[in-house]
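Visitor: Please take me through the structure shown here, one question at a time.

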Amino acid sequence: MAYLLGLIYADGTIKDVRISSRTCYIAVSSNDLDLLEQVRKVLSSTHKIYTRKSRMVKFSDHKIYKCSTSYILRVGNKMIYQDLVNLGLTPRKSLKIQLPDVPVEYFNFFLRGYFDGDGCLSIFLQLGRMKPRIRITFTSGSHTFLLQLVTNLGKLINTTKGTISTKNRTSWLSYSKKDSIKILSYMYKNLNQAPYLERKYKKYLSIKFSTLN
């Protein structure tokens, strides 16, 4: 469930609609259908996964962007909803979230879930360099969340402070190659004990094998 918590912190929402329908909803969205099928399996759910077709969307910067096809899993469960609220998650969470109190033995699963939702792994070559540069980035609307993540990773796996930048109420936490490899190895520890997004894991494997050669 730590993985699911991380994914919901990144790409999920919760909603209390007990006044109208006597339940509470947890919704998770992703561009990867396979990931939501894994989540549905973890929840032992038979709920339908809905498809949202690609569309043009106007964002807060008043620019119009094309959004690719995405998928949404919506589950009604008052118990899971309350557990998430107790951990500090709230409706309209993006600017308010703080790092939840996840037990140390499960924190890598939480981080993996968050990475699969709002994380990015970049690999790029620079002129004059033989080996590629590697950067892992976590995105959040909450600057506080990222500061707390920096502190926790420093305690758990001795990473540096990374670099946090902010623009238009969105913040990014990025790490250099050495820390990125350390974080990736930590996230994918005990791989099969929690879901994972296959395309991101394969990207990690390509880095892992290239750094060994």
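Guide: A residue is called buried under 20% relative accessible area, exposed over 50% and partly exposed in between (1.4 Å probe, protein chains only). The model is predicted, so local features need pLDDT of at least 70 and side-chain atom pairs count only at pLDDT 80 or more, while totals for chains, interfaces and linings use all residues. Residues are numbered from 1 along each chain as its sequence is written, and side-chain values use heavy atoms, with hydrogens and water left out.

Visitor: How many helices and strands does the chain have?

Guide: Helices (H or I, at least four residues) and strands (E, at least two) are DSSP runs, numbered from the N terminus. Of the 213 residues, 39% count as buried. The chain has 8 helices and 10 strands.

Visitor: Among contacts between residues at least 6 apart in sequence, what percentage join residues at least 24 apart?

Guide: Contact means heavy atoms within 4.5 Å. Among the contacts in the chain between residues at least 6 apart in sequence, the share that joins residues at least 24 apart is 64%.

Visitor: What arc do the buried residues of α3 cover around the axis?

Guide: Helix α3 spans residues 33-42, and L35, L36 and V39 in it are buried. These residues lie on the same side of α3, because the arc that they cover around the axis, taken from the directions from the helix axis to the C-beta atoms, is only 95 degrees.

Visitor: Which elements are included in what covers the buried residues of α3?

Guide: The cover includes both helices and strands. Among the elements are the strands β2 (24-30), β3 (49-52) and β6 (70-76), together with the helices α1 (2-11) and α5 (107-118).

Visitor: Is D32 buried or exposed?

Guide: D32 lies in the loop between β2 and α3. Its C-alpha atom is separated by 7.1 Å from that of S70, 38 residues apart along the chain, and, leaving aside neighbours within four places in sequence, D32 is in contact with Y71, L197 and R199. With 16% relative accessibility, D32 counts as buried.

Visitor: At what angle do the axes of α1 and α5 cross?

Guide: Axes are lines fitted to C-alpha atoms, for helices over the stretch in contact, and angles run from 0 to 180 degrees between N-to-C directions. In the contact of α1 with α5 there are 9 nonpolar, 3 polar and 4 charged residues (Ala, Val, Leu, Ile, Met, Phe, Trp, Tyr, Cys and Pro count as nonpolar, Asp, Glu, Lys and Arg as charged, and the others, Gly among them, as polar). The crossing of α1 and α5 is right-handed (the near helix is turned clockwise from the far one by less than a right angle, and anticlockwise if left-handed). The axes of α1 and α5 come within 6 Å and cross at roughly 35 degrees.

Visitor: Are α5 and α6 oblique or parallel to each other?

Guide: The axes of α5 and α6 (residues 143-157) come within 12 Å and cross at roughly 140 degrees, and the crossing is left-handed. F107, F110, L111 and Y114 in α5 meet F145, L149, N152, L153 and L156 in α6. Angles under 35 degrees count as roughly parallel, over 145 as roughly antiparallel, 65 to 115 as roughly perpendicular and the rest as oblique. Helices α5 and α6 are therefore oblique.

Visitor: Which residues in α7 do L153, L156 and I157 in α6 meet?

Guide: Helices α6 and α7 pack at an angle of about 80 degrees, with their axes 12 Å apart. That makes α6 roughly perpendicular to α7. The residues of α7 that L153, L156 and I157 meet are K182, I183 and Y186.

Visitor: Within what arc do the buried residues of α7 fall?

Guide: In α7 (residues 177-187), the buried residues are D179, S180, I183, L184, Y186 and M187. They line one face of the helix, because, seen down the axis of α7, they fall within an arc of 160 degrees.

Visitor: Which residues does N108 touch, not counting residues up to four places away in sequence?

Guide: N108 lies in helix α5 and, at 1% relative accessibility, counts as buried. Beyond four places in sequence, N108 touches Y186, M187 and K189.

Visitor: Is N158 buried or exposed?

Guide: N158 is in the loop between α6 and β9 (163-167). Its phi is near 60 degrees, a positive value in a residue other than glycine. At 60% relative accessibility, N158 counts as exposed.

Visitor: What is the phi of N168 near?

Guide: N168 is found in the loop between β9 and β10 (170-175) and is exposed, with a relative accessible area of 60%. N168 is a residue other than glycine, and its phi is positive, near 50 degrees.
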